Every structure is written in C-alpha cells, then in structure tokens.
Amino acid sequence: MSPEINLEEQFQARIDAGQKIEPKDWMPEKYRKTHIRQISQHAHSEVVGMLPEGNWITRAPSLRRKVGLLAKVQDEAGHGLYLYSAAETLGISRDEMYEQLHTGKAKYSSIFNYPTLSWADIGAIGWLVDGAAIINQVMLTRTSFGPYARAMVRICKEESFHQRQGYEIMLGLAKGTPEQKEMAQDALNRFWWPSLMMFGPRDEDSPNTAQSVKWKIKRKTNDELRQQFVDITVPQAEFLGLSIPDPTLQWNEERGHYDFGEIDWNEFWQVVKGNGPCNKERLAARVDAWEEGAWVRDAAMAYAEWKEKEKIKKAV
C-alpha cells in the first residue's frame with residue numbers, strides 16, 4: 001500500500017468520525033480544490049448579492065426600511081470577507097479569487113443575475129433567497145473543514161435576521177392595499193423558480209455531489225435541500241395569502257412532502273453560463289468597483305509600509 005493511499009484512508013477515517021479538518025492537516029488535493037471553489041463562490045455570491053439590494057437603499061419607503069436594508073447589505077459585505085479569509089487558509093490569495101471572479105472563471109449564485117424591479121423584490125429576496133441560503137448554510141455549520149464551518153455559525157445567525165426582515169416586508173405588503181398585495185405576488189412569481197435553482201442542478205446532473213457528501217462537505221444533496229425549502233416555504237406563502245406560481249404544486253400524503261413542478265433547467269444553465277438578465281451588469285459593476293478602488297488599496301499599502309519603516313526607526 002502506497003503512503004498516499006494510506007493517508008487518504010486516514011483522512012476519510014477522520015471525516016467518518018466527525019472530526020474537523022484544519023488548514024495545516026494533510027488533505028487530498030481534490031478536497032482542497034473543492035473547498036476553494038465552493039468557499040470562494042460563496043464569498044463572491046455574498047459580495048455580488050449586495051448589488052441588487054444596494055440599488056434600493058435610497059429608494060426604500062421609510063427611514064426604518066433604509067436603515068434595515070443598509071444593515072443587511074453591510075452584513076453581506078462582512079460575510080464575503082469571512083469567507084475569503086477562510087478560503088485563504090487553503091493557499092489561494094484574495095487577489096487570485098478576485099481575478100477569477102472578474103474574468104468569469106469563478107461563478108456566484110445564479111439568483112443574483114435577476115433584476116430587482118420593485119420594493120417588493122427586496123422582501124422576496126429576504127424571504128426566499130435568504131431563506132434558501134439558510135437551509136443550505138445551516139448544513140455548512142457542520143461541514144468537515146473547520147474554518148468554513150466556524151465562519152458559517154455567525155453568517156447563519158445574520159442570515160436568519162435577513163430572512164425575517166424580508167418576510168416582514170412581504171407581510172406588510174400582503175396585508176396592505178390591493179396594489180401592494182399585487183406587488184408582493186408579482187415579486188413571488190418572478191423569484192420563486194430562480195430561488196429553487198439556487199440549490200444547484202439535479203443530483204444526477206451534479207458531478208461533485210457524491211464526493212462532497214462522502215467528505216461531509218455537504219450533509220444533504222441539492223434535491224434534498226430543495227425539497228426542504230419547498231416544504232417550509234409553501235405554508236409561509238399561504239399565511240401571507242399569496243399563491244406559489246406552480247399549478248402542479250400539491251401535498252403528497254404518502255411521501256410527506258410537497259410535489260412541485262419541473263424547473264426550467266435550460267434557463268438555469270443559461271444564467272450559469274453568463275446569459276442571464278443581469279450577468280454582464282453585475283460583473284461590470286464588480287470590475288468597475290475594483291478598478292476605481294485601486295487608489296484606496298495603493299494608499300493603504302503605502303501607509304502600512306510607512307508605519308513599518310517608522311517602527312524600525314524607533315527600534316533602532
């Protein structure tokens with residue numbers, strides 16, 4: 001038996017025993033690369049996800065709503081920073097991750113390539129998008145890579161606030177005037193299916209799911225998480241008095257779950273490939289922010305270098 005095979009067996013034994021893998025531990029190269037891909041894409045999603053909501057901060061209908069949305073967007077920036085830091089422990093630099101995002105090599109959640117056309121969309125994002133994120137991310141608090149799991153504990157707590165904030169916005173609209181309720185229904189109609197797509201492709205079309213489950217990177221498959229989201233969200237929509245835009249949706253007593261319609265996977269793959277409604281707009285905004293912020297980074301580095309030189313002078 002080669003040393004490499006023995007190490008892989010020991011590694012899997014640690015995973016099976018529920019132990020956390022830390023950055024300096026031995027790990028298969030594919031495990032490291034899988035985590036770099038997943039954590040960096042998660043970080044990119046948090047940062048890009050600021051764009052459709054930041055667009056509504058100045059247009060929120062009250063000071064309370066402005067403050068709440070501003071706090072949420074700020075949280076998402078922090079989530080991105082936690083996650084970039086976690087990915088860096090695996091040997092990739094933050095600049096390299098940014099370069100992968102800006103060139104289109106790295107992906108982010110497909111949901112953020114849809115426009116926010118009304119204030120109700122901000123409620124729908126909080127309720128549906130953050131609700132879907134929580135279902136996926138609670139599982140990640142028990143993922144096998146220590147830095148990722150620990151980062152997710154705080155992120156999930158804040159995402160829970162975001163989900164409640166969105167649902168409260170939808171509740172206010174649904175219980176308001178007929179025009180407001182219509183606005184809430186329209187937002188639900190447009191964000192329902194993209195929210196289901198957030199969990200990724202069907203298990204049979206996901207090349208990484210089986211290995212990720214074996215390594216306990218993921219605790220549930222894409223389809224399992226998607227079903228959980230539908231089962232939780234449908235009663236919430238009923239409480240709001242809104243209709244899920246799926247004529248085939250019905251409770252299956254035998255399965256103990258809701259049956260729901262087929263996702264438009266062609267739309268999903270088109271968005272993933274960069275052909276969604278806002279792909280180019282989102283990516284251009286991130287690249288512009290990076291380029292226009294170059295002077296800030298340069299100034300920070302120059303100041304750090306000056307401080308270091310002053311420190312050396314005083315020591316001498």
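This is a predicted model: local features need pLDDT of at least 70, side-chain atom pairs count only at pLDDT 80 or more; totals for chains, interfaces and linings use all residues.
Visitor: What counts as a pocket here, and which residues lie nearest the centre of the largest pocket?
Guide: A pocket is an open set of grid points with protein on both sides within 12 Å along at least five of seven lines, and lining residues have an atom within 4 Å of a point. The largest pocket is lined by 49 residues. Nearest its centre are Gln41, Ser45, Tyr108, Ser109 and Met198.

Visitor: Which helix gives the most to the lining of the largest pocket?
Guide: Good one to ask! Helices supplying at least two lining residues each include H2 (29–48), H9 (209–214) and H12 (279–292). By class, the lining has 20 nonpolar, 19 polar and 10 charged residues. With seven residues, the top contributor is H6.

Visitor: How many charged residues are in the lining of the second largest pocket?
Guide: This pocket holds about 180 Å³ of space. Its lining includes Arg202, Asp223, Arg226 and Glu262, and Asp, Glu, Lys and Arg are the residues that count as charged. Alongside three nonpolar and two polar residues, the charged ones number four.

Visitor: How many residues does H6 give to the largest nonpolar core?
Guide: The core has 49 residues, and among those touching the most other members are Trp119, Trp127 and Leu128. Helix H6 spans 119–140 and is one of the helices supplying at least two core residues. H6 gives the most, and its count is 11.

Visitor: At what angle do H7 and H10 pack?
Guide: Tyr167 and Met170 of H7 are among the residues making this contact, as are Phe239 and Leu240 of H10. The contact residues divide into six nonpolar, two polar and no charged. The axes lie 10 Å apart, and the angle is about 35°.

Technical notes. Residues are numbered from 1 along each chain as its sequence is written. Side-chain values use heavy atoms; hydrogens and water are left out. A nonpolar core is a set of buried Ala, Val, Leu, Ile, Met, Phe, Trp, Tyr and Cys residues joined through side-chain atoms within 4.5 Å. Buried means under 20% relative accessible area, exposed over 50%, partly exposed in between (1.4 Å probe, protein chains only). Helices (H or I, at least four residues) and strands (E, at least two) are DSSP runs, numbered from the N terminus. Axes are lines fitted to C-alpha atoms, for helices over the stretch in contact, and angles run from 0 to 180 degrees between N-to-C directions. Contact means heavy atoms within 4.5 Å. On a 1 Å grid over the protein atoms alone, a cavity is a set of points where a 1.4 Å probe fits but cannot get out, and a pocket is an open set with protein on both sides within 12 Å along at least five of seven lines; lining residues have an atom within 4 Å of a point. Grid points are joined across faces, edges and corners, and a volume is the space filled by probe spheres set on the points.
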